[in-house]
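Please read them alongside the sequence and the coordinates.

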Amino acid sequence: MAQKLAGRTEEIQAQEIKRYEERTPKSKALFDRAEASMPFGVSSSFQAGDPYPLYLTEGHGSKVTDIDGNELIDYHNGFGTMVVGHAHPKVRAAIEEAAATGTHFAATTEAAVELAEEIKRRFGVEKVRFTNSGTEATMDAVRLGRAASGKDVLLKIEGSYHGHHDAVMYSVIPTMDSSGPNERPWSVPFSRGIPKETADSTMIVPFNDAPALESLLEEHGDRIGAMIMEPVMMNIGIVVPLPGYLERVRELCDKHSVVLIFDEVKTGVTISPGGATSLYGVQPDLVCLAKAVGGGTPLGAFAGKAAIMDEIESGVAALGTFNGNPLSMKAALATLTEVLTDDAYNLLAKLGTRLAHGCQKALEEYGIEGHATDLGCKGSITFRDKPLERYRDFQEVDDSLFEAFWYWMINRGVYQTPGKEEQWTISVQHSEDDIDRFVDVFADYCRTVTS
Ligand SMILES: Cc1ncc(COP(=O)(O)O)c(C=O)c1O
């Protein structure tokens, strides 16, 4: 299929990039200006875009507006953060209250204690420490895991992203010629500037492969202190765990005294109230949160068993000037207790299924190899005939179908994350009309690309 459609997708992509440029001259002008003072003209390299990124001005409900005044239905939602939607009245009231009463003290407030209690309730954890981002959460959790186990090597999954600190910046999107055997992938640095010696401290295993994990732990379990993983991989589209896989990971980590860290930065409070931890019923030693938990303010957290978290009281550094600031605490508390209620999760599940089914139907109707994944407010379309099971399957995804699709959608008012590795996020402020618009535009794309 990929080869058959290649010429057509290239043609559509060229047309759509031209149309994008016609619709967004002010983004282009701001990009030219921004490039003079910011690398890539953006604040995070993940915000860069080709031929230039879109610059946004406002967000209300399910929509954002770009600097050219184009209104877009937002499925990007700040890389999966804005499950509350933009400017939600309850989150806004919490932020206004913090603005009026003090946004930062570097002293703990009652709101922080209440938020910790809510996270305990949702994730079945005993103690919580707040951070300001997902990167900080995984960085501190990894240090804590190593300290608690007394072993230095970190194990991570091939093709997973856990933030931008050195320990986890290995084998994020390795090329196949650099990544070694299937069952024993090599540690491939994702950035220049990472000291070479640290490569020995991060080992790599494939997702959904318990025998590969077992054999690595049999051989190196005396050195491996912590394992970090997304229980559902969400940086190569969506990859769900095979039945029994997470249970087996839990058993093997117990057997070899490895601290198991679930990175729920994307899955936490989105795919269920208690993330993948409660959805799949496998309890990690530590769980990392960020993105949606802050309701649009910068917030992360790591949390877990008291026996491990209490290592912080005996010499493990877990620090940060802005940790637990009242702005993020109040916004997050409103998010978790007033906005992301049981009714909200029911609504998100309904909308998510409507979107995934609609897209699957279009794929089938036009005979395009692909499948839509439905996980509550998260979902994705992967242009491959079978669902993915691990990173190396991702190499088979049809890039050209995705690239043309992104420009096609944005030119018709549907804003998605730019990259086949991402997924959509639906907010509680999306309507059925918003969902149907996505499906209609996507079906039209499928029709055009196959015509
Ligand atoms: C699974 C996962 N962990 C950690 C992070 C890092 O979070 P942040 O960008 O808030 O540092 C991300 C960011 O995309 C992520 O997807």
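1. Where is Phe40 found? Phe40 lies in the loop between H2 and S1, where helices are DSSP runs of H or I with at least four residues and strands are DSSP runs of E with at least two, both numbered from the N terminus. Although Phe40 is not a glycine, its phi is positive, at about 60 degrees. Its relative accessible area is 54%, and Phe40 is therefore exposed, given that exposed means over 50% relative accessible area, buried under 20% and partly exposed in between, with a 1.4 Å probe and protein chains only.

2. On the basis of these notes: this is a predicted model, in which local features need pLDDT of at least 70 and side-chain atom pairs count only at pLDDT 80 or more, while totals for chains, interfaces and linings use all residues. Residues are numbered from 1 along each chain as its sequence is written, and side-chain values use heavy atoms, with hydrogens and water left out.

3. The loop that holds Phe40, between H2 and S1, is also the place of Pro51, with S1 spanning 56-60. The peptide bond from Asp50 to Pro51 is cis, with omega near 5 degrees.

4. Helix H2 covers residues 25-35, and Ser27, Phe31 and Ala34 are buried in it. These residues lie on the same side of H2 because they cover an arc of only 70 degrees around the axis, the arc being that of the directions from the helix axis to the C-beta atoms. Lys26 and Arg33, on the other side of H2, are exposed. As background, an α-helix has 3.6 residues a turn, so residues three or four places apart point the same way.

5. Asn77 is another residue with a positive phi that is not a glycine, here about 50 degrees. Asn77 is found in helix H3, residues 77-80, and its relative accessibility of 0% means that Asn77 counts as buried.

6. For the protein chain as a whole, the secondary structure comes to 15 helices and 14 strands. The radius of gyration is 22 Å, close to the 22 Å that the globule rule gives for 451 residues, so the chain is as compact as a globular protein of that length; the radius is taken over C-alpha atoms, and the rule is 2.2 Å times the number of residues to the power 0.38. Along the principal axes, the C-alpha atoms fill a box of roughly 60 × 55 × 45 Å, and buried residues make up 57% of the 451 residues.

7. Of the contacts (heavy atoms within 4.5 Å) between residues at least 6 apart in sequence, 72% join residues at least 24 apart. Leu401, in helix H14 (residues 399-410), touches Leu5, Thr9, Ile368, Phe383, Tyr445 and Val449, not counting residues up to four places away in sequence. Leu401 counts as buried at 0% relative accessibility, and its C-alpha atom is separated by 13 Å from that of Tyr366, 35 residues apart along the chain.

8. Ala372 is found in strand S11, residues 371-375, and counts as buried at 18% relative accessibility. With residues up to four places away in sequence left out, Ala372 touches Ala356, Cys359, Gln360, Leu363, Ser380 and Ile381. Ala372 and Pro387 are 15 residues apart in sequence and 8.8 Å apart in space, C-alpha to C-alpha.
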